[in-house]
Amino acid sequence: MSGAVVNRKIQWITSDPHFGHDKLAELRGFSSVDAHDNYIIRQWMKRVRPEHNVIIAGDISSGSSSAQLRALEIFRQLPGNYLFVLVS
């Protein structure tokens, strides 16, 4: 483990955004996956600053390769420094 990661102050911890996940968007009460994803993005933009360090645990998407790539592209556009915690 890198000392740079260990010694950073963590401002945020979150989990399971499930970007692009139709079923989860519906279970969470959204009318569409776009409404779900846009809500998460808006909330993120209100709180997370470029210098913030964020731990993200769990599923970032529905799990398919294309969904994972889409979720990572969303994260590339969001502010913050990320530490992804993979769980199985």
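Modeller: Helices here are DSSP runs of at least four residues and strands are runs of at least two, both numbered from the N terminus. The model is predicted, and in it Asp16 sits in the loop between strand E1 (12-15) and helix H2 (22-27). The phi of Asp16 is near 50°, a positive value in a residue other than glycine, and His18, which is also placed in the loop between E1 and H2, has a positive phi of about 50° although it is not a glycine either.

Turning to the side-chain contacts, the count comes to 2 salt bridges. In one of them, Arg70 meets Asp37 at 2.9 Å, N to O, and this pair links distant parts of the chain, since Arg70 belongs to helix H4 (residues 65-77) and Asp37 to helix H3 (residues 33-47), 33 residues apart. Arg70 is partly exposed at 37% relative accessible area, while Asp37 is buried at 2%. Arg76 forms a salt bridge with Glu73, their closest N and O atoms being 3.4 Å apart; both residues lie in helix H4, 3 residues apart, which is about one turn of the helix. Here Arg76 is exposed, with a relative accessible area of 68%, and Glu73 is partly exposed at 36%.

How values were computed
Residues are numbered from 1 along each chain as its sequence is written. This is a predicted model: local features need pLDDT of at least 70, side-chain atom pairs count only at pLDDT 80 or more; totals for chains, interfaces and linings use all residues. Side-chain values use heavy atoms; hydrogens and water are left out. A salt bridge is a side-chain nitrogen of Lys or Arg within 4 Å of a carboxyl oxygen of Asp or Glu. Buried means under 20% relative accessible area, exposed over 50%, partly exposed in between (1.4 Å probe, protein chains only).
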